[in-house]
Amino acid sequence: MRTILITGPGGSGRTTVAAATALKAAREGTRTLLLSADRTDTPGAALGVRTGAHPAEAEPHLTTWRPDATERFRADLTAFQDRAATALDLLGATRLDAEEATPLPGAEELALLRALRDAAALDTYDLLVVDLPPAPRALALLALPEELRRYLRRLLPSERQAARALRPVLGRLAGVPMPAEWLYETAARWDLELAAVQAVVEDRATTVRLVAEPGPGGADAVRGTGTALALRGLRVDVLVANRVLPADGPDTWLGALAAQQRKALEEWQETYDVHVVAHRGHDPRGTDDLAALPVPGAVNETPPTVEWPVEDRLADEGVLVWHIPLPGAIRDELDLIRRGDELVVTVGPFRRIVPLPSALRRCTVDGAALREGSLRIRFAPDPGLWPRTR
C-alpha cells in the first residue's frame, strides 16, 4: 500500500489538498482512505460530507476516518488503572472514572498513529492519504514512535526480564518493590505497536507531500520543514505550491504579491519537484470544487530511498566519511555530540539520536563539515578497537 503524508505550514490549505488528492485517486479507481487528525470536521467541510470516529464511505472507492482521541484515551486510562490497581491502592489513590477523563496533550497524535498502524495492516485500501497536523506538530508526531521506543529500551530494557525469577529476592534485599512482570509485558506490547507505526512511516512506499503558499513566510517554513524531514530520513515527493496568483495580473498590490510568489517558486524549484495549484478565488467546497483542483496524483513508482552512506577513504586519507543529507541546514544552527554508539544531531530546533553504523563504532570523530546541503562527518579508526592488518 502506498502512503502519502501531507503537511505544511498552518493555513496553507493542506487539508483541502489532502482531500483533493484522495478524491482524485478514488475517482481513478484506487481504493483510498483519507485519514485526518483534525478536531473539527475540516476534511468533511472540504468534501461536503461528514467525517467521524469510524471509517465511512464518502463516495465509491473513497473512505474517510477521523479518529476520536477522547474515546481511545478513556479506554487506555481504564486499562492502565486496572493493571496498576495494586500500586494505586498502596498509594491510597482514588481511581478516575472514564467519564471524567479528558485527553492529555498528545492524545490526538497517538490516536492518529494507532489509526495509521491499523489502516496499514488491512488489505482494504491501496492508498492511504494522511492529513497531518501543521508542520511543527507533524514533525513531532513522525518522530514520536522512534523516540518512545528508545525511551522504553533505556528505562525498561528487555534483557532485565530474564532476571524476573530473582525479583522477589532483589526486592527483599533492596527493601523496595521491584517492577512487576506486567510492567515489562506492557512495555513489550507498546514497543511492538510503536515498531509497527515506525515501519509504516519509514516504509519505501511512504512519502511526504508538502503544501505551502509561496511567499517569504512559506519559504522559511518549507526550508525548516524540509531540513527536519531529511533529518528523520523521510522523502518529499512533491511540493504543492498552493493558491498561486496569475503572473500577468494588474500592476497593483496583487502584482507585487504575485512577484513575491514567483521568487519563492524559483527558490523551491532548485530543490523540489514543485506542482503549482492556482488560486481559485474562493475556498474550495464540495467534490466539484475539489475535482477541479489540479493536484498531483499518487505516483505508483517507488520513490528513491534516502541514503546515509559511509564513504571509505581509508586508503587515501585514513578516515571513513558519513554523509547525512540535510538540505537547507545552516552551519550556525548545527550541533553534533558523540554519545557512546550514538550520534546526537541537532539542526535548529530539531534533534535526532541515531545509532552509528557498526564500522563507525570502532572509530573516533575526526571532524565534520556542512557542504552543499550534506553533513560530512569524518571518523578515524581507533587503534585499540580497529582490526589490525599485516
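Helices (H or I, at least four residues) and strands (E, at least two) are DSSP runs, numbered from the N terminus. On that basis, α6 and β13 (350-355) each supply at least two residues of the lining of the second largest pocket. This is a predicted model, in which local features need pLDDT of at least 70 and side-chain atom pairs count only at pLDDT 80 or more, while totals for chains, interfaces and linings use all residues. Residues are numbered from 1 along each chain as its sequence is written, and side-chain values use heavy atoms, with hydrogens and water left out.

**Helices α6 and α9**
- Helix α6 (residues 135-155) and helix α9 (residues 216-231) have axes that come within 11 Å and cross at roughly 5 degrees (lines fitted to C-alpha atoms, for helices over the stretch in contact, with angles from 0 to 180 degrees between N-to-C directions).
- That makes α6 roughly parallel to α9 (angles under 35 degrees).
- Ala-135, Leu-139 and Leu-142 of α6 meet Thr-225, Ala-228 and Leu-229 of α9 (contact means heavy atoms within 4.5 Å).
- The residues of this α6 and α9 contact are five nonpolar, one polar and no charged (Ala, Val, Leu, Ile, Met, Phe, Trp, Tyr, Cys and Pro count as nonpolar, Asp, Glu, Lys and Arg as charged, and the others, Gly among them, as polar).

**Second largest pocket**
- The second largest pocket holds about 440 Å³ of space (on a 1 Å grid over the protein atoms alone, a pocket is an open set with protein on both sides within 12 Å along at least five of seven lines, a cavity is a set of points where a 1.4 Å probe fits but cannot get out, and lining residues have an atom within 4 Å of a point; a volume is the space filled by probe spheres set on the points, which are joined across faces, edges and corners).
- Its lining has 20 residues, with Glu-146, Glu-202, Arg-352, Val-354 and Pro-355 nearest the centre.
- By class, the lining of this pocket has 12 charged, six nonpolar and two polar residues.

**Cavities**
- There are two cavities of 30 Å³ or more.
- The largest cavity has about 90 Å³ of space, and α6 gives the most to its lining, with four residues.
- The lining of the largest cavity includes Glu-146, Glu-202 and Arg-352.
- The second largest cavity, of about 30 Å³, has Ala-135, Leu-139, Leu-142, Thr-225 and Leu-229 among its lining residues.

**Thr-64**
- Thr-64, in strand β4 (residues 62-65), is buried, with a relative accessible area of 2% (buried means under 20%).

Note on methods. Angles under 35 degrees count as roughly parallel, over 145 as roughly antiparallel, 65 to 115 as roughly perpendicular and the rest as oblique. Buried means under 20% relative accessible area, exposed over 50%, partly exposed in between (1.4 Å probe, protein chains only).
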